[in-house]
Amino acid sequence: MIRFDNVDKVYGSGHHALKNVSFHLKKGEMAFLTGHSGAGKSTLLKLIALLERPTNGNVFINGHSLNTVTRRHIPYVRRDIGIIFQDHRLLTDRPVFDNVALPMVIEGYSHQEIRRRVAAALDKVGLLDKARLLPSMLSGGEQQRVGIARAVVNKPPIILADEPTGNLDPALSMEILRLFEEFNRVDVAVLIATHDLGLIARMRYRTLTLREGQMFNDGLAAEPSL
Ligand code: ADP
Ligand code: ADP
């Protein structure tokens, strides 16, 4: 589903953010991506979402090299990827329903299909009864779940999350992780960037550990010293 082949990313500033990174995340696989702040986690996610391009090497999504994707075709690739941000980036002046509907509105789905899918996504995250509220009326955990509903409303085969539990307490963080597990169970590939080692230890999933831009470890447990 997601494959990195000897990927380097050097920013314009000359900073070498990723060094010779290779890994393969299969269809329906769920993994954590961890490492210190500045290790390259966000850069790696940005390369998958085509928000940045590799300096060397190749990223494949569904067997297709992203190196050959032209600017015009970026939206087609992004359609397969649901992204969840730590700060959830919701539109504060729009109700929950509109926030979740946004990706489908952009895609030009019918009103009927949008209503159906948004209701299904909100139901999935347990917020069907809050569809008419503004995000500011919700708790932090609920706002994060709105962000998740928005990311999955198009049923993408890939979900990327960048510090999705960063602002949440351990109990709420587990709730969010359980949601990812449910998507994962229906064969969605899930990659979760986090430095919450407590969460990683409790979940026992494959963990990709970056250290100064290099893939330092790819296995079950992260180094306790990290
Ligand atoms: P993480 O998500 O693990 O904290 P990042 O991928 O955000 O790491 O950053 C990796 C390194 O690349 C950091 O040293 C950061 O300062 C640098 N970096 C990130 N984005 C840019 C950019 N747009 N231009 C220059 N340097 C960047
Ligand atoms: P259908 O179009 O098959 O009727 P629905 O939109 O009613 O599907 O959703 C059916 C269930 O499948 C929902 O609970 C939905 O969250 C789940 N589902 C399947 N694939 C995904 C995906 N990629 N992301 C999120 N949920 C998914």
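Predicted model: local features only at pLDDT ≥ 70, side-chain atom pairs only at ≥ 80, totals over all residues.
Figure 1. A nitrogen atom of ligand 2 has a backbone N or O atom of proline 156 at 2.9 Å. On its own, ligand 2 has 560 Å² of accessible area, of which the protein covers 64%. The surrounding residues are Arg116, Arg117, Ala120, Lys124, Val152, Lys155, Pro156, Phe183, Val186 and Val188.

**Figure 2. Arginine 117, a residue of helix α4 that also belongs to the surroundings of ligand 2.** Is arginine 117 buried or exposed? Its relative accessible area is 15%, under the 20% cut-off, so arginine 117 counts as buried. The side chain of arginine 117 comes within 3.0 Å of the backbone oxygen of valine 153. Leaving aside residues up to four places away in sequence, arginine 117 touches Met104, Val153, Asn154 and Lys155. Of these contacts, Lys155 is also one of the residues around ligand 2, and Met104 is among the buried residues of helix α3.

**Figure 3. The shell around ligand 1.** The shell consists of Tyr11, Ser13, His15, Ala17, His36, Ser37, Gly38, Ala39, Gly40, Lys41, Ser42 and Thr43. By class, three of these residues are nonpolar, eight are polar and one is charged. Which element gives the most residues to this shell? It is helix α1, residues 41-48, with three.

**Figure 4. Polar contacts of ligand 1.** Oxygen atoms of ligand 1 are approached by both side-chain and backbone atoms. A side-chain N or O atom of threonine 43 is 2.5 Å from a ligand oxygen, and a polar side-chain atom of histidine 15 lies 3.0 Å from one. From the backbone, a polar atom of alanine 39 is at 3.2 Å from an oxygen of the ligand. Taken alone, ligand 1 exposes 560 Å², and the protein buries 65% of that.

**Figure 5. Helix α1 and the residue position after it.** Six of the eight residues of α1 are buried, and the helix is mostly covered. The buried residues are Lys41, Thr43, Leu44, Leu45, Leu47 and Ile48. Of these, Lys41 and Thr43 also belong to the shell around ligand 1. Leucine 50 follows α1 and has a positive phi, near 60 degrees.

**Figure 6. Helix α3 and its cover.** Which residues of helix α3 (residues 96-107) are buried? They are Val96, Phe97, Asn99, Val100, Ala101, Pro103 and Met104. An α-helix has 3.6 residues a turn, so residues three or four places apart point the same way. The cover over the buried residues of α3 includes α4 (111-124) and α5 (140-152). Glycine 108 follows α3, with a positive phi near 80 degrees.

**Figure 7. The largest nonpolar core.** This core has 39 residues, and Val100, Leu122 and Phe180 touch the most other members. Elements that give two or more residues to the core are β3 (30-34), α3, α4, α5, β7 (158-162), α6 (170-185), β8 (189-193) and α7 (197-203). Helix α6 gives the most, with six residues. Val100 is also listed among the buried residues of α3.

Key
Residues numbered from 1 in each chain as written. Chains lettered and ligands numbered in written order. Heavy atoms only, no water. Near = heavy atom within 4 Å. Polar contact = N/O pair within 3.5 Å; in protein donor to acceptor, adjacent residues only side chain to side chain. Areas by Shrake-Rupley, 256 points an atom, 1.4 Å probe, with all protein chains shown as cover. Helix = DSSP H or I, 4+ residues; strand = E, 2+ residues; numbered from the N terminus. Nonpolar A, V, L, I, M, F, W, Y, C, P; charged D, E, K, R; others polar. Buried < 20%, exposed > 50% of the residue type's maximum accessible area, 1.4 Å probe, protein only. Contact = heavy atoms within 4.5 Å. Core = buried A, V, L, I, M, F, W, Y, C linked by side-chain atoms within 4.5 Å.
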